[in-house]
Amino acid sequence: MSGNPRLTRRHFGIGLAALGVSACGDMRGGVMAGASEASGPAPLADDLRPTANSAYDAWVNSFRARAGGYGISDSTLSAGFRGAGYLPGVVKRDRNQTEFTRTLEDYLSIAASDERIAKGRAAFARHRTTLSALEARYGVDAQIIAAIWGLESFYGERRGNVPVISATSTLAFDGRRGAFFEKQLVAALKIIQNGDIDAPRMLGSWAGAMGHTQFIPTSYELFAVDFTGDGRRDIWSEDPSDALASTAAYLAKSGWTRGTKWGRELAPGEAASGTVIQPQAGGPRFAVTGNFRAIKRYNNSDAYAIGVGHLSDRIGGAGPLKGDFPPDATGLTKKDRIALQTKLTARGFDTDGTDGVIGPNTRAAISAYQRSQGLPANGEPSADLLRSLR
C-alpha cells in the first residue's frame with residue numbers, strides 16, 4: 001500500500017475491490033465486509049475463530065514488549081487482546097486472492113443493481129436530515145455519501161463480523177504485509193485506548209476494514225468524525241451518522257469541490273472538454289471532474305468511482321446509462337446472459353439471481369445442466385447453450 005494517507009483507506013483482499021456487493025446472483029453475500037446483517041453480526045466461519053498457534057503467541061508477546069513505544073498502555077493491551085487469537089481464515093483469504101478483471105458492465109450491474117438502488121433511495125429518505133447537514137458542512141454531495149455507504153456495506157447491512165484486533169494481529173504476524181498490518185493493529189489499539197469503542201465491539205472485514213463505510217484503522221485515526229457529539233467517533237453503531245460524516249470528511253480533505261458533479265455519461269460521438277474516459281472498450285464514455293479523482297482517493301479504481309457516481313445519480317432519481325456495452329467474449333449481451341440465467345433457473349438449475357453477471361453460481365448451474373444433457377460440463381456460457389434452453 002501507498003504510505004499516502006489519502007489512499008490507505010482502501011480495502012485489502014475483499015474480492016471485487018470494495019464493491020460491497022450483495023444484491024444478486026453470483027455476488028450474493030458480498031465482497032465487502034462479510035455477512036453481518038443490520039440486526040447484528042452473523043456467526044463467524046469456523047476458520048475465522050481463534051486457533052492455537054504458538055508462533056503467533058510468541059509474536060504477540062514480542063509485540064507487547066514494544067507496544068509501549070507506540071504509546072499503547074498495558075491496560076489497553078490487556079483489553080485488546082482479551083479473547084483475541086490467530087485466525088487461520090484471515091491468512092487463507094489474504095493468500096488466496098484471485099487477480100481478475102470484471103468488465104465495467106458487470107461491475108455496474110452489481111454496484112447499481114435494482115436492489116441497491118431501491119435500498120439506497122429508502123436509506124437516503126430515512127437519513128435525509130443527516131445527509132443534508134453533512135453536505136452543508138463538508139460540501140460533499142449527499143447522494144455521493146449515500147452511494148459510498150451502499151457500495152461499502154450495503155447501507156450498513158454488511159459491516160463485517162471479524163474481531164479487528166485478531167484480524168490485524170494475525171496479518172501482522174503472518175508477515176506478507178507485516179509492517180502495514182502492524183500499523184493497523186497499533187491504530188486499532190489506540191482507537192480502543194481513546195474510548196471510541198471497546199475491543200469486543202470492534203468488528204470489521206477479515207482485513208480490518210470497519211463500520212458502515214469500511215475505514216481501516218489508520219484512516220479512522222486521520223479522518224473519523226464525532227458528528228453526533230457524544231464524545232466517540234462511532235462508525236460501528238446502528239446509527240450511521242458518524243460513519244457518514246467520516247466519509248464526507250475524507251472526501252472533503254481529498255479535494256472535493258463543493259457544487260461540482262462527479263461527471264456524466266457522454267452521448268455517442270459527443271465531444272467534451274476536460275477528462276474523458278472509456279473504461280470498457282466499445283462501452284459508454286464519461287466526462288469526469290476533479291471530484292471523480294477525489295472518489296478515487298477513497299478507492300483507486302475508475303470502475304469504483306463510476307460505480308459511486310452512477311449509483312448516486314440513480315439514488316437521486318436518474319435513469320440507467322443510455323450507452324450500450326458490446327457483447328462479451330462469448331458473443332452474449334447482458335440481455336442474453338440474463339435470459340440464460342432465467343432459463344436455467346426455470347429448468348431447476350438455480351443461478352441464484354438473474355443479473356447478467358456470470359460468476360460461480362451461474363457456472364455451477366451451467367455445469368449441472370450440461371451434465372443432465374450428457375454434455376461436457378465446462379460451466380461456460382455460450383450462444384449454443386442459450387439456444388439449447390429455448
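# Questions about the model

Visitor: Which residues does F63 touch, not counting residues up to four places away in sequence?
Guide: Contact means heavy atoms within 4.5 Å. With residues up to four places away in sequence left out, F63 touches Y70, L77, F81, E182, L185, V186 and L189.

Visitor: What pLDDT do local features need?
Guide: Residues are numbered from 1 along each chain as its sequence is written, and side-chain values use heavy atoms, with hydrogens and water left out. This is a predicted model: totals for chains, interfaces and linings use all residues, side-chain atom pairs count only at pLDDT 80 or more, and local features need pLDDT of at least 70.

Visitor: What pLDDT does the chain average?
Guide: pLDDT is the predictor's confidence in each residue, from 0 to 100. A score of at least 70 is reached by 88% of the residues, and the chain average is 89.

Visitor: What share of the chain counts as buried?
Guide: Buried means under 20% relative accessible area, exposed means over 50%, and partly exposed is in between (1.4 Å probe, protein chains only). Of the chain's 390 residues, the buried share is 53%.

Visitor: Which residues touch the most other members of the largest nonpolar core?
Guide: A nonpolar core is a set of buried Ala, Val, Leu, Ile, Met, Phe, Trp, Tyr and Cys residues joined through side-chain atoms within 4.5 Å. The largest has 88 residues. Another core, of nine residues, lies apart from it and includes F349, I366, Y369 and L386. In the largest core, the residues asked for are F63, F81, I144 and M202.

Visitor: Which residues is S312 in contact with, leaving aside its neighbours within four places in sequence?
Guide: Helices (H or I, at least four residues) and strands (E, at least two) are DSSP runs, numbered from the N terminus. S312 sits in helix α13 (residues 302-315) and is buried, at 2% relative accessibility. Neighbours within four places aside, its contacts are Q143, I144, A147 and W262.

Visitor: Which side chain has a polar contact of 2.7 Å with that of S241?
Guide: S241 is in helix α11 (residues 241-253) and is buried at 7% relative accessibility. A polar contact is a pair of N or O atoms within 3.5 Å; within protein, one must be able to donate a hydrogen and the other to accept it, and residues adjacent in sequence count only if both atoms are side-chain atoms. At 2.7 Å, the partner of S241 is D239.

Visitor: In what order do the three strands of the open sheet lie?
Guide: Two strands pair if DSSP finds at least two bridges between them. The edge strands, each pairing on one side only, are β3 (263-265) and β4 (275-277). β3 pairs with β5 (residues 286-288) in the antiparallel sense over three bridges. The order is β3-β5-β4.

Visitor: Is F154 buried or exposed?
Guide: Most residues other than glycine have a negative phi. F154 is not a glycine, yet its phi is positive, about 55°. It lies in the loop between α7 (142-153) and β1 (162-163). With a relative accessible area of 0%, F154 is buried.
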